[in-house]
2 protein chains.
Amino acid sequence: MTSTTATDPPKRRRDRAAREREILEAAERIFGDRGYQGTSMDDVAAAVGVSKPLVYQYYGSKDGLFLACITRLRGRLLDTVADAVLAAPNAESALYAGFLAWFRFLDEHPQAWSVLIDENLLNAGPAAEATDEIRAAFIDLIARMVRMNLPPDHPADDDQIQIIAQSISGATERLAIWRTRTPTPPTPDKVARTLQDLLWQGLHTLKNP
Amino acid sequence: MTSTTATDPPKRRRDRAAREREILEAAERIFGDRGYQGTSMDDVAAAVGVSKPLVYQYYGSKDGLFLACITRLRGRLLDTVADAVLAAPNAESALYAGFLAWFRFLDEHPQAWSVLIDENLLNAGPAAEATDEIRAAFIDLIARMVRMNLPPDHPADDDQIQIIAQSISGATERLAIWRTRTPTPPTPDKVARTLQDLLWQGLHTLKNP
DNA sequence: GTCGGAACTTACTCGAAGTAAGTTACTCGG
DNA sequence: CCGAGTAACTTACTTCGAGTAAGTTCCGAC
């Protein structure tokens, strides 16, 4: 049906930055609706009212376009969570606030999240490294929080901190996927509280090797 | 190059079960080497020394073949971990033994694991439900262990148990991926101990709502 | 031997990623 | 106002891989 945005006739040239943004927004929407595999470059081009080679000129490849979507969406998610964490009065509530912000954001932007779920698609070549880098910002945030939570009397073991940060990242991602596939999932609040209860004690009693 | 298995000339007919096994084994190998996207059905067919439609007749689609690989590999992994868990003398060591078995298996079968990493690819249609079902056996095992670990004086909240089981599943999967992408990852033993330390306390002090 | 079904193949269609080569519109110096 | 230069854009392909239609060959049972 190729509805552009309700304005078909006055489709003039636009400068590159504007067109790039337009394409990116359409791509986020369509990838979110139909998934990576279910979306063709022609679909995206048609939605913007433009031809496919233009999309290729600006984004290089389907992976490139998808990566751009992921990067932007994850950036927003990270900002939201980081804001919540930094606004918390102490370490304990920071952990909880971070979890809560994460699950709430994903509830409120289901389309964004369904793009991010597909992130794992890009396991081939340099795209894999790119998605790892994007996720790494989250892992860093978590690692910083973990350090804040650790008992101050013994120095942190970097391996342990990485292990814990990766664990928390993996746990929250799987929980998010699980919630979307469960008919009546527990509320963000309940999930965040349960995670907090599960982890809080352990973070204080970590033994060094 | 189409190397079958070092025996090209005597390629006779075989009964269905044998051929299916042969195809499945080749598929595991090739998917493991090149990933889902990087593998074509012609590749698999050629490796067995057979034509593509035969593969389709036996496995229906590329997703079907891939799913068959995942199912078998996850089954083995589950057996290994379940054995370790059941052999443990008590709840605390069962948790640790399960983690350890998990990471050791993946160290010893890197090719199997690289197939399982791609599991997330199948996010479309009925394949998504199928992969969820396969993973569900793991979640169940974890959920049972969590119940064993819970303090007996208050009844378990099913939501909480699901949340925890999903978390642990997600954490171990992300850790496994992370370990494969890290030059010198911590040993399975260290990872298992850290996870155990992180979770053990929290599992005992879970509050009901 | 021949008949029936199971194992297997050749030779396609179709859809989507990616590209080569060209065309149209805007813009800026004269 | 006008022509060149360039950025925005298109048409018309190629290529590759998933999936399929329509057979053909082998083998065992009667």
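How many residues does H1(B) have, and how far does this helix reach from its first C-alpha to its last? H1(B) has 19 residues and reaches 26 Å, close to the 27 Å expected at 1.5 Å a residue. Please keep in mind while reading that this is a predicted model.

**A helix of chain B and its surroundings**

Let us stay with H1(B) for a moment. Its buried residues are Ile23(B), Ala26(B), Ala27(B), Glu28(B), Ile30(B), Phe31(B) and Gly32(B). In general, an α-helix has 3.6 residues a turn, so residues three or four places apart point the same way. The buried residues of H1(B) pack against H2, H3, helix H4 (62-87) and helix H6 (110-117) of chain B. Just after H1(B) comes Gly35(B), with a positive phi of about 80°.

Beyond its neighbours within four places in sequence, Val44(B) is in contact with Ile23(B), Ala26(B), Ala27(B), Ile30(B), Thr39(B) and Val55(B). The largest nonpolar core has 121 residues, and of these Val44(A) and Val44(B) touch the most other members. As a general background, nonpolar side chains tend to be buried together in soluble globular proteins.

**Chain A as a whole**

Chain A has nine helices and zero strands. Its C-alpha trace spans about 65 × 35 × 30 Å along the principal axes. Chain A counts 209 residues, 40% of them buried. Among its contacts with a separation of 6 or more, 67% are between residues 24 or more positions apart.

Helix H8 of chain A covers residues 158-181, and its 24 residues should span 34 Å at 1.5 Å a residue; the end C-alpha atoms are 35 Å apart, which agrees. H8(A) is mostly covered, with 19 of its 24 residues buried.

**How the two chains meet**

The contact between the chains takes 38 residues from chain A and 38 residues from chain B. On the side of chain A that touches chain B, the elements giving two or more residues are H8 and helix H9 (188-204) of chain A. The largest share of that side, 14 residues, comes from H8(A). Sorted by class, the side of chain A that touches chain B has 15 nonpolar, 14 polar and nine charged residues.

How are the copies related? Two copies of a chain are related by a rotation about an axis and a shift along it. Here, a rotation of 180° with 0.0 Å of shift along its axis superposes chain A on chain B, with an RMSD of 0.1 Å. That is the relation of a two-fold axis. Moreover, 100% of the interface residues of chain A are also interface residues in chain B, so the copies meet through the same surface.

By class, the surface near DNA strand C has six nonpolar, three polar and eleven charged residues.

For DNA strand D, the elements that give two or more residues are helix H1 (16-34) and H3 of chain A together with helix H2 (41-48) and H3 of chain B. The surface near DNA strand D divides into six nonpolar, three polar and eleven charged residues.

**Two buried residues of chain B**

Phe99(B) is found in helix H5 (residues 91-108) of chain B. With 26 C-beta neighbours inside 10 Å, Phe99(B) counts as buried. Apart from neighbours within four places in sequence, Phe99(B) is in contact with Thr172(B), Ala192(B), Leu195(B) and Gln196(B). Phe99(B) and Leu24(B) are 75 residues apart along the chain, and 28 Å separates their C-alpha atoms.

Val146(B) has its place in helix H7 (residues 126-149) of chain B. Val146(B) counts as buried because it has 24 C-beta neighbours inside 10 Å. Its contacts beyond four places in sequence are Ile161(B), Ile164(B), Ala165(B) and Leu203(B). Between Val146(B) and Tyr36(B) there are 34 Å in space, C-alpha to C-alpha, at 110 residues apart in sequence.

Technical notes: Residues numbered from 1 in each chain as written. Chains lettered and ligands numbered in written order. Predicted model: local features only at pLDDT ≥ 70, side-chain atom pairs only at ≥ 80, totals over all residues. Nonpolar A, V, L, I, M, F, W, Y, C, P; charged D, E, K, R; others polar. Least-squares fit on C-alpha atoms with pLDDT ≥ 70 in both. Contact = placed C-beta atoms within 7 Å. Helix = DSSP H or I, 4+ residues; strand = E, 2+ residues; numbered from the N terminus. Buried ≥ 20, exposed ≤ 12 C-beta atoms within 10 Å, placed from the backbone. Expected span 1.5 Å × (residues − 1). Core = buried A, V, L, I, M, F, W, Y, C linked by C-beta atoms within 7 Å.
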